[in-house]
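Let's take a walk through this model, starting with the chain as a whole and ending with a pair of rings.

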Amino acid sequence: MTTAEMPDETTVTPGGRPAEAVETIQREMTAFARRARASAGRMHPELSLVSYTLLGHLEDRDGCRATDLAAHYALDKSTVSRQVSALERTELVERRVDPDDHRVQVLHLTEAGRRILAQVTESRRTAFRERLAEWPEEDLVRFAVYLERYNAWQKAAPGEGQD
């Protein structure tokens with residue numbers, strides 16, 4: 001967007017930001033979240049966006065405790081417990097005794113969990129590529145940088161705002 005295309009913002013937030021831009025960002029982030037939740041069900045009917053996210057976390061860290069998931073995503077332990085139980089029932093996740101501390105159980109993906117996660121991840125990548133296919137490379141890079149910057153903000157309360 002060139003300077004000539006920039007909207008004339010006269011109303012600002014208390015932080016000095018154009019109010020209309022902040023409202024647009026909030027509205028579009030909400031629409032993005034809704035679309036992500038809806039598309040998760042279409043990509044794999046048994047795998048909600050939350051389940052997909054938890055499976056991805058377990059894969060990235062090669063397993064972790066349920067309490068670590070709750071802390072990382074700022075979720076109630078009972079919420080994580082229900083999600084993990086559902087993933088165990090569908091045999092996407094299994095519990096293993098921690099070799100360093102036999103009192104602790106670590107969640108790991110099963111082979112079926114890895115397979116489904118890979119399928120859904122590829123479907124999501126394909127959907128993003130299709131949606132962004134006509135964007136110039138400069139816009140893609142700028143958008144990626146802005147998303148990383150937005151998600152890196154650390155002023156949230158402990159445990160909040162972290163994916």
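Take the contacts in the chain between residues at least 6 apart in sequence: 47% of these join residues at least 24 apart. What you're looking at is a predicted model, with 6 helices and 2 strands in the chain. Follow the sequence along and the elements come in the order α-α-α-α-β-β-α-α. Of the 163 residues, 23% are buried. The chain's accessible surface is about 12000 Å², and carbon and sulfur atoms account for 52% of that.

Before going into detail, check the confidence. The average pLDDT of the chain is 83, and 80% of the residues score at least 70. Among the elements, strand β1 (residues 93-98) has the highest mean pLDDT, at 95, while helix α1 (residues 19-43) has the lowest, at 81. Residues 1-5 have a pLDDT below 50, and this stretch makes 2 contacts in the model beyond near neighbours in sequence. Residues 157-163 also stay under 50, with 10 contacts beyond four places in sequence.

Now for helix α5, which covers residues 111-132. From first C-alpha to last, its 22 residues reach 31 Å, close to the 32 Å you'd expect at 1.5 Å a residue. Which residues of α5 are buried? They are Gly113, Ile116, Leu117, Val120, Thr121 and Arg124. Looking down the axis of α5, you'd find these buried residues within an arc of 135 degrees, so they line one face of the helix. The spacing makes sense in general terms: an α-helix has 3.6 residues a turn, so residues three or four places apart point the same way. Over on the other side of α5, Glu111, Arg129 and Glu130 are exposed.

Last stop, the aromatic rings. The count here is 1 aromatic pair. Trp135 and Phe143 have ring centres 5.4 Å apart and planes at 55 degrees, so the pair is tilted; planes have to be over 60 degrees apart to count as edge-to-face. Are these two residues buried, exposed or something in between? Trp135 has 36% relative accessibility, so this residue counts as partly exposed. Phe143, at 37%, counts as partly exposed too. The cut-offs behind that label are under 20% for buried and over 50% for exposed.

Terms used
Residues are numbered from 1 along each chain as its sequence is written. This is a predicted model: local features need pLDDT of at least 70, side-chain atom pairs count only at pLDDT 80 or more; totals for chains, interfaces and linings use all residues. Side-chain values use heavy atoms; hydrogens and water are left out. Helices (H or I, at least four residues) and strands (E, at least two) are DSSP runs, numbered from the N terminus. The expected span of a helix is 1.5 Å times one less than its number of residues. Buried means under 20% relative accessible area, exposed over 50%, partly exposed in between (1.4 Å probe, protein chains only). The arc is that of the directions from the helix axis to the C-beta atoms. pLDDT is the predictor's confidence in each residue, from 0 to 100. Contact means heavy atoms within 4.5 Å. Accessible areas come from the Shrake-Rupley method with a 1.4 Å probe; for residues, only the protein chains shown count as cover. Rings of Phe, Tyr and Trp (its six-membered ring) pair if their centres lie within 6.5 Å; planes under 30 degrees apart count as stacked, over 60 as edge-to-face and the rest as tilted.
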